[in-house]
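Colleague: Please pick one part of this model and give me a close look at it. I'd like to hear how the side chains there meet and what surrounds them.

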Amino acid sequence: TAFSWQRLVSGAVVHYIACSMPIFLTGTLAVQYRDELVIDEAGLGGLIAVFAVGGMIVSPAMGRLAERLGAGTSLRLASGLSGMVMLAVASFANSWEMMASLLLVGGIAGSFMQSSTNLWLAKGIDESRMGLAFGLKQAGGPTAAMLAGFAVPTLAMALGWRWTFACFGMFAFLAACSVPQ
């Protein structure tokens, strides 16, 4: 079934948001979890670095895997993995080491998402709209940052940092389920 280019791009943006949220929530919610997990400013910087390293190390392999599995399957797996990371943070994060381990996996999911969304758009978008499509897809990063910021006074202040991670974990699972077969 053919999808409109707008639907393909909006799907890519949703997956970009779903797979970027672990790191943006890590930053915006730090003030709430830092005492509980005993994480200072240097530790927060280390968490951010671990996420980036996770994605950096596996990027070439994730590109090959996305090509082998196909864009749709890869998108489902990337967003599903990101959802699992956020739910695991909500449920099990009790130290810097646990948070770092989970964010390492989150970085891998983010890298897989980048390859998957690029493949998704490259295979489904007409060449005349590719620049616009990829530009719009890149808006997913700032959109995720904005949503993480909005989550602080809305979700996090009312429900706490763990429930905020859980809510976005469910969002990522919904994104994974939204990919057409």
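Modeller: Let's begin with Glu-36, which is partly exposed at 46% relative accessible area; buried means under 20%, exposed over 50% and partly exposed in between, with a 1.4 Å probe and protein chains only. Keep in mind that this is a predicted model, where local features need pLDDT of at least 70 and side-chain atom pairs count only at pLDDT 80 or more, while totals for chains, interfaces and linings use all residues. Residues are numbered from 1 along each chain as its sequence is written, and side-chain values use heavy atoms, leaving out hydrogens and water.

The side chain of Glu-36 meets that of Arg-162 in a salt bridge, 2.7 Å from N to O. The pair ties together distant parts of the chain, 126 residues apart: Glu-36 sits in helix 2 (residues 30-37) and Arg-162 in helix 8 (residues 161-177). Helices here are DSSP runs of H or I with at least four residues, strands are E runs of at least two, and both are numbered from the N terminus. The salt-bridge rule asks for a side-chain nitrogen of Lys or Arg within 4 Å of a carboxyl oxygen of Asp or Glu, and the count comes to one. Arg-162 is partly exposed too, at 21% relative accessibility.

Arg-162 also has Phe-92 in contact with it; leaving aside neighbours within four places in sequence, Phe-92 contacts Met-98 and Arg-162, where contact means heavy atoms within 4.5 Å. Phe-92 belongs to helix 4 and counts as exposed, at 55% relative accessibility.

Now for the rings. There are two aromatic pairs, counted when the ring centres of Phe, Tyr and Trp (its six-membered ring) lie within 6.5 Å; planes under 30 degrees apart are stacked, over 60 edge-to-face, and the rest tilted. Tyr-33 and Trp-161 make a tilted pair, 5.3 Å centre to centre with 55° between the planes. Here again helix 2 and helix 8 are linked, through Tyr-33 in one and Trp-161 in the other, 128 residues apart. Tyr-33 and Trp-161 are both buried. Trp-161 and Phe-165 have centres 6.1 Å apart and planes at 85°, so this pair is edge-to-face. Trp-161 and Phe-165 are about one helical turn apart, because four residues separate them in helix 8. Phe-165 is buried, at 0% relative accessibility.

Thr-26 is in helix 1 (residues 5-28) and is buried, at 0% relative accessible area.
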